[in-house]
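Let's take a walk through a protein fold together, one step at a time. Keep the picture beside you and look up each residue as we reach it.

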Amino acid sequence: MYVGYHEQDAGESSQGRISSRIQSAIRAAEDLSPRQYGFRAGRSTVNAVQEVIEAVCKAEDHNYHLRRVVLLVTLDVKNAFNSAKWCDMLMALEQALQVPCYLTCRLILERPQGSVLGPDLWNAFYDDLLRLEMPEEAVLIGYADDVAAFVAVRTVEQAQRNLNRTMLRVNVWMEGHGLSLALNNIEIVVLTKRRINTIFPMRVSDITIETKNSARYLGVSVDIKLNFGEHIS
């Protein structure tokens, strides 16, 4: 019994050392996307929500006629962690993030699942999604496997067009990596101080989704007025 515990503890220490080396190698390259907030020191769900708030404030920093219509679209990936391909993780580490081969060889031997290495592998894999080229004034914000699309444009019509382009690029990436979105779980909220109707249908891929007064993002109810009244209630 004691020997088994000792071996497990040694394995966890080994994975911890590999994790530190992988993180150092990634930072020495170009590091992860600044829009990935999950599994990273000094970053949290609060920072991810704060980026959304700051983006809305920036979009509102115009006179009334130039203020943007801002969409916050929360995306739900089906069974994300269990569907990610091992080969895609290794490719992301070696090719995109330039992690040395000797470290990825160690990973092949370890084949970690549910381990201390899991977050590093996931962030490396998802980094490519968060770096996709998006339409003008559209960005993706991630926290682990949770992704939100943020679209800021002048009119509702432009919002629909940019959302279509954004979702097309996201879906192509997902399909290319064996993932898919749970379209029925997508939520859309319109964030604007302009006096316009904020409840209307929008097309997302092959379905129609009605915008809402608030959307739940990383456990926080983000409402139209951004005063978090609904979340407090």
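Two rings of Phe, Tyr or Trp count as an aromatic pair if their centres lie within 6.5 Å, taking the six-membered ring for Trp. With that rule, how many aromatic pairs does a search of the whole structure find? The search gives 6. Keep in mind as you read that this is a predicted model.

One of these pairs joins W122 and F125, whose ring centres are 5.4 Å apart. Their planes make an angle of 65°, and planes over 60 degrees apart count as edge-to-face, so this pair is edge-to-face. Both residues belong to helix α6, where they sit 3 residues apart, or about one turn of the helix. Are they buried or exposed? Both W122 and F125 are buried. F125 also has a ring partner in Y126: the centres are 6.1 Å apart and the planes meet at 35°, so this pair is tilted. Buried means under 20% relative accessible area. F125 has a relative accessibility of 2%, so it counts as buried, and Y126 counts as buried because its value is 0%. Together with F81 and W173, the residues W122, F125 and Y126 make up one aromatic cluster.

Now let's turn to the sheet. Its 4 strands form an open sheet in the order β2-β3-β1-β4, with antiparallel pairing. Which strands are at the edges? They are β2 and β4 (residues 187-191), each of which pairs on one side only. On average, neighbouring strands of this sheet are turned by 20° against each other, direction ignored. Strand β1, residues 69-75, pairs with β4 in the antiparallel sense over 5 bridges, and here you can find L72 standing opposite V189 of β4. Helix α6, which spans residues 118-130, packs on the sheet and touches β2 and β3. The direction of α6 makes about 165° with that of β2. Another helix, α7 (residues 156-176), lies across β1, β2, β3 and β4, and runs at about 145° to β3.

For a closer look at strand β2, which covers residues 138-143, pick out I141. Its relative accessibility is 1%, so I141 counts as buried. Leaving aside neighbours within four places in sequence, the contacts of I141 include R35, Y37, A48, E51, V52 and L130. E51 is 90 residues away from I141 in sequence, yet their C-alpha atoms are 8.4 Å apart in space. Y37 has something else to show: R43 lies over the face of its ring, 5.1 Å from the ring centre.

Next comes helix α2, made of 16 residues, 45-60. From first C-alpha to last it reaches 23 Å, close to the expected 22 Å. Its buried residues include A48, E51 and V52. Among the elements covering the buried residues of α2 are β1, β2, β3 and β4, along with β7 and β8.

Finally, visit two loops. Q98, between α4 and α5, has a phi near 60°, a positive value in a residue other than glycine. L226, in the loop between β8 and α8, also has a positive phi, near 55°. Which of them is exposed, and which is buried? Q98 counts as exposed because its relative accessibility is 57%, whereas L226 is buried, with a relative accessible area of 18%.

Methods: Residues are numbered from 1 along each chain as its sequence is written. This is a predicted model: local features need pLDDT of at least 70, side-chain atom pairs count only at pLDDT 80 or more; totals for chains, interfaces and linings use all residues. Side-chain values use heavy atoms; hydrogens and water are left out. Buried means under 20% relative accessible area, exposed over 50%, partly exposed in between (1.4 Å probe, protein chains only). Contact means heavy atoms within 4.5 Å. Two strands pair if DSSP finds at least two bridges between them. Axes are lines fitted to C-alpha atoms, for helices over the stretch in contact, and angles run from 0 to 180 degrees between N-to-C directions. Rings of Phe, Tyr and Trp (its six-membered ring) pair if their centres lie within 6.5 Å; planes under 30 degrees apart count as stacked, over 60 as edge-to-face and the rest as tilted. A charge sits over a ring if NZ of Lys or CZ of Arg is within 6 Å of the ring centre and within 35 degrees of the ring normal. The expected span of a helix is 1.5 Å times one less than its number of residues.
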